[in-house]
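Please look through the sequence and the model shown here before reading on.

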Amino acid sequence: MPYRKFSLILPALMVVGACSNVGANYQPIVDGPVGPNYNADLAQCQALARSQPTVDSRTAGAAAIGAAGAAGTKAIIDDSASDLGRAAVAGALVGAGASAISNTQNQEVIVRNCMRGRGYNVVG
């Protein structure tokens with residue numbers, strides 16, 4: 001049983017470790033020269049993006065919908081109540097994760113748009 005839990009935790013740790021240039025920490029690719037204020041502008045735009053939470057009320061709603069959907073699907077497919085709790089937890093994790101990813105992408109958009117608004121030619 002401990003190996004099974006480790007097999008679920010390891011991918012999650014790898015995903016978190018790979019997330020250094022996402023969300024509010026995003027550093028856009030700028031085409032052309034950058035001025036002396038670039039680092040200050042980037043820090044201010046990243047701070048603006050951090051004001052938007054990664055986990056919010058929509059994340060909780062997505063978790064609830066994921067839990068209900070997974071538990072319902074499990075009940076229909078198996079035609080029994082066995083392991084409904086595990087299915088609900090898995091569905092909640094998927095729903096919450098999808099919402100958090102969406103919020104992280106929104107933070108990147110905030111950084112890009114903020115930098116464009118400050119005159120940088122952001123291409124990615």
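Arg 112 is partly exposed, with 22% of relative accessible area, where partly exposed is the range between buried (under 20% relative accessible area) and exposed (over 50%), found with a 1.4 Å probe and the protein chains only. Its partner in a salt bridge is Glu 108, and the closest N and O atoms of the two are 3.5 Å apart; a salt bridge here is a side-chain nitrogen of Lys or Arg within 4 Å of a carboxyl oxygen of Asp or Glu. Glu 108 counts as buried, at 14% relative accessibility. Both Arg 112 and Glu 108 belong to helix H4, where they are four residues apart, about one turn of the helix.

The model is predicted, so that local features need pLDDT of at least 70 and side-chain atom pairs count only at pLDDT 80 or more, while totals for chains, interfaces and linings use all residues. Residues are numbered from 1 along each chain as its sequence is written, and side-chain values use heavy atoms, with hydrogens and water left out.

## The overall fold

The protein has four helices and zero strands, and along the sequence this reads as the pattern α-α-α-α. Helices (H or I, at least four residues) and strands (E, at least two) are DSSP runs, numbered from the N terminus.

Of the 124 residues in the protein, 25% are buried. Among contacts (heavy atoms within 4.5 Å) with a separation of 6 or more, 76% are between residues 24 or more positions apart. The protein exposes about 8,000 Å², and carbon and sulfur atoms supply 64% of this area, which comes from the Shrake-Rupley method with a 1.4 Å probe, with only the protein chains shown counting as cover for residues.

The structure holds one disulfide, a term for a pair of cysteine sulfur atoms within 2.5 Å. Cys 45 and Cys 114 form this link with their sulfur atoms 2.1 Å apart, and the link is left-handed, with -70° about the S-S bond. It joins distant parts of the chain, as Cys 45 is in helix H2 (residues 38–50) and Cys 114 is in helix H4 (residues 84–117), 69 residues apart. Cys 45 is buried, with a relative accessible area of 0%, and Cys 114 is buried too, with a value of 13%.

Side chains of opposite charge can pair when their charged atoms come close. The structure holds two salt bridges, and one of them brings together the side chains of Asp 41 and Arg 118 (3.1 Å, N to O). Asp 41 lies in helix H2 and Arg 118 in the segment after H4, so this pair ties together parts that are 77 residues apart in sequence.

Asp 41 is buried, with a relative accessible area of 14%, whereas Arg 118 counts as partly exposed at 36%. Leaving aside residues up to four places away in sequence, Asp 41 touches Met 115, Arg 118 and Tyr 120.

## An aromatic pair

A search of the whole structure finds one aromatic pair. The ring centres of Tyr 38 and Tyr 120 are 5.4 Å apart and the ring planes stand at 80°, so the pair is edge-to-face. Rings of Phe, Tyr and Trp (its six-membered ring) pair if their centres lie within 6.5 Å, and planes under 30 degrees apart count as stacked, over 60 as edge-to-face and the rest as tilted.

Tyr 38 lies in helix H2 and Tyr 120 in the segment after H4, so the pair ties together parts that are 82 residues apart in sequence. Tyr 38 counts as buried at 14% relative accessibility, and Tyr 120 counts as buried at 11%.
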